[in-house]
Amino acid sequence: MCAIGGPEPRNTGRLTVGSLILKFPTASHPSTISDYQNTRMSALECLTTSKRPEFHTPNVGAINCIAIDSLDQSQFLLAGGADSSLTIYDLASYTTIDLNKGREEVTLGPDYAKGFECITRVPRGHAHRFGVSCVQWWPFDNGMFVSGFFDGAIKAWDTNTAADGEVYTFHLGDDSEDSTGGGHRVYSFDISATGQHSLIAPATTHPSIRLLDLRTTASTHTLRGHKRGSILSVQWSPTKPHLLASGAADGSVRLWDIRRADACLTALDLDQASPFGAEGATAPKYLTKTPVDSRRAHRNAVNALKWLPDGHSILTAGCDESVRLWRDLDTTPTAENARNSLVNYGPLIRNKYPQSLYMCLATDLPPMPSSEGGTEETRYSLFFPSDSGQILVFDVFSGALVAELERPLPPTSKKDRPKRSLNFSGQLARTTCVTPRGGDTFEYYSGALDGTITRWHMSNQDVATSEANNHGDDGKNSSDSDSSDYEEYANDFTL
């Protein structure tokens, strides 16, 4: 299978899904922990975006999810719209585009700007009636991607023939025990990046998780444990292919070992806590006595999960407008070692909607020596898409607010341009997702309910100023920050 212009991944085998042959790793996939090892904290404070839209997104309504392939160049961005459309952009093609091309508003004329070229599009209504809830690339080959829809289907697509239809469809709910003839709504799903199996874990309106195998195109088994309500978020461990985390609408978070008949290992309890940094036998620990079925990680629905790359900790976000860091998951998680680290991320988080939220991590500082010396600890930053429209950047271990990223309003010089970027309260429309580009670039991409995709990067002037601040220079030779040449950006953002 030939991927869409991307480099061939190394050390790969084969996996067949219908008529689609996929590359599959035969060796462990390299970790992305070191992608940003040399990036300073000041770089996050310098992130900026273009004042003009850089993505042509006609008639998509809202951008519910985005994903960037994880190959060396991280070249292709996949966006899922609330209108059921799917769009692939080439991040290596920065050219002149017409932002109004294909829009239904006939009164709008051409609006040319520098932006990223759309190379493939599945138009709305072509595959489903309802919106796209989640998209992911196959982790080791950009020749395939997977999408989930609110009508209860998960589809596998060949990138070269996406416009002609999907390769295979999983219909969730049609053969379940409580099926009423319609599929369960798919909120999100996750594909393991370890390369040890080809299972898809979906989060649906049903309290059980049906694991789907891309290799056999069948459901392998069902994880039962959540007692009521929908499951809003799932994520595989980045280091243990058998370990899965899930968050539900009742505020519970469960950890699963899919190798076991009794798969549920434990449920996280917010009352079982130990302050972050307190280690050893003298560390204060408050062991829970609450039964597993009554434990809650949040006081409202849990709609986002994010493992730290080392697999020892996990971040959870809930509609109680809180984020929690859970530690001591480096061994088999049990009720005794999974604990709330009590890190406070402040009062600015806005997260009220019981819909899957896609946050991301950045390794923005070099490893720091531990207090004992010798052992180093990697520093992480959390990019959190807030209901306020901002992206809040926190230091994971301290909870300190590092930056507040606020996207600009699109220009309104044309009278007929729809002003979708503001909600009824006059605030920016809610940001739904954010993801890093990876590779050698220091770039992040976010999607919002106003249908915009935003690229966050460091301007040339910010790079020069950051260098000057770190070397005691006045930075007088910095170049213009408003340069629109993407080739120049790419040279300046490499680490």
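**View 1. Glu321 in the loop between strand 21 and strand 22.** Strands, like helices, are DSSP runs numbered from the N terminus, a strand being an E run of at least two residues and a helix an H or I run of at least four. Although Glu321 is not a glycine, its phi is positive, at about 60°. Glu321 has 22% relative accessibility and therefore counts as partly exposed, a class that lies between buried (under 20% relative accessible area) and exposed (over 50%), as computed with a 1.4 Å probe on protein chains only. The model is predicted, so local features need pLDDT of at least 70 and side-chain atom pairs count only at pLDDT 80 or more, whereas totals for chains, interfaces and linings use all residues. Residues are numbered from 1 along each chain as its sequence is written, and side-chain values use heavy atoms, with hydrogens and water left out.

**View 2. The pairing of strand 21 with strand 22.** Strand 21 (residues 314-318) and strand 22 (residues 322-327) run antiparallel to each other and are joined over 5 bridges, where pairing requires that DSSP finds at least two bridges between two strands. Thr316 has Arg324, in strand 22, as its bridge partner.

**View 3. Leu342 in the loop between strand 23 and strand 24 (360-369).** Leu342, a residue other than glycine, has a positive phi near 65°, and at 47% relative accessibility Leu342 counts as partly exposed.
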